[in-house]
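Subject: A structure for you to look at

Hi there,

Here is the structure I promised to pass on to you. Please open it next to this email and follow along as you read.

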Amino acid sequence: MEIHVIRHTAIENPESLCYGFAEMPLQKDYIEDFKTMDLDQDYDIIISSPSQRCYRLAEYFTFDYQTDGRLREMNFGNWELKKWTDIPEEEINPWYQDFVSVKASGGESLLEMQTRVLSFWNELIQKDKGEKVLIITHAGVIRLILQAVLQFPLENMFSIQIDYGKKVIINVNEGILCVKKMNV
């Protein structure tokens with residue numbers, strides 16, 4: 001099985017708003033971004049986050065796709081669409097100190113997100129029938145998939161840069177997973 005995991009293209013966020021589950025618009029020239037992307041046309045399975053910033057890519061390429069809510073970005077709850085600087089310090093400071101297990105107010109912790117994402121991931125790789133799969137999702141989801149494959153400490157996940165509109169290619173061969181390419 002060859003799995004291509006791609007991050008949506010850049011969004012409009014001039015006010016540096018906190019977002020995860022919230023819908024955010026793609027940059028105004030997102031079609032130009034789509035035109036420069038290196039996507040194959042022979043995927044057997046295409047699965048997208050239900051966020052518009054993801055599935056618009058599938059629609060542009062006229063892919064026959066399905067969505068899966070487990071591929072959504074982190075749920076920041078009450079912080080969604082607030083400026084990071086407007087989130088009360090008594091809420092955000094504990095999260096900054098332990099973003100792995102502390103929940104965003106009204107949202108989910110990274111551990112909860114990991115459980116959600118890995119439930120999708122493990123289900124996918126257990127079905128290995130040699131297909132070529134495209135997953136359209138978010139940076140946080142991609143980092144969690146890479147953490148599962150490479151087994152590095154969860155606290156280090158932000159050490160990996162996931163570029164907008166770029167993909168990670170992971171091979172699955174008889175239960176052995178290998179990161180083949182990054183940010184291509």
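First, some ground rules. This is a predicted model, in which local features need pLDDT of at least 70 and side-chain atom pairs count only at pLDDT 80 or more, while totals for chains, interfaces and linings use all residues. Residues are numbered from 1 along each chain as its sequence is written, and side-chain values use heavy atoms, with hydrogens and water left out.

**The sheet**

Strands of a sheet pair through backbone hydrogen bonds, either parallel or antiparallel. Here you will find an open sheet of six strands in the order β3-β2-β4-β1-β5-β6, with mixed pairing. Strands (E, at least two residues) and helices (H or I, at least four) are DSSP runs, numbered from the N terminus, and two strands pair if DSSP finds at least two bridges between them. The edge strands, which pair on one side only, are β3 and β6 (176-181).

- β2 and β3 run parallel and are joined by two bridges; S48 stands opposite T67 in β3.
- β2 and β4 are also parallel, with four bridges; I45 has V133 in β4 as its bridge partner.
- β5 (residues 167-173) and β6 run antiparallel, joined by five bridges; I170 stands opposite V179 in β6.

Helix α2 (residues 52-60) packs on this sheet and touches β1 (2-7), β2 and β4 (132-137). The direction of α2 makes about 140° with that of β4. Axes are lines fitted to C-alpha atoms, for helices over the stretch in contact, and angles run from 0 to 180 degrees between N-to-C directions.

**Two packed helices**

How do α4 (residues 110-126) and α5 (residues 139-150) pack, and at what angle? Their axes are 10 Å apart, at an angle of about 75°, which makes α4 roughly perpendicular to α5 (that label covers 65 to 115 degrees; under 35 is roughly parallel, over 145 roughly antiparallel and the rest oblique). Contact means heavy atoms within 4.5 Å. Among the residues making it are M113 and W121 of α4 and L144 and I145 of α5. The residues of this contact divide into ten nonpolar, three polar and no charged. In this scheme Ala, Val, Leu, Ile, Met, Phe, Trp, Tyr, Cys and Pro count as nonpolar, Asp, Glu, Lys and Arg as charged, and the others, Gly among them, as polar.

**The pockets**

A pocket is an open set of points on a 1 Å grid over the protein atoms alone, where a 1.4 Å probe fits, with protein on both sides within 12 Å along at least five of seven lines; lining residues have an atom within 4 Å of a point. The volume is the space filled by probe spheres set on the points.

The largest pocket holds about 390 Å³. Its lining has 22 residues, with Y19, E73, F76, R143 and F158 nearest the centre, and α5 gives the most, three residues. That lining divides into 14 nonpolar, four polar and four charged.

The second largest pocket has about 200 Å³. Of its 13 lining residues, I45, I47, Q66, L124 and K127 are the closest to its centre. Here α4 gives the most, with three residues, and the lining divides into five nonpolar, two polar and six charged.

Enjoy exploring!
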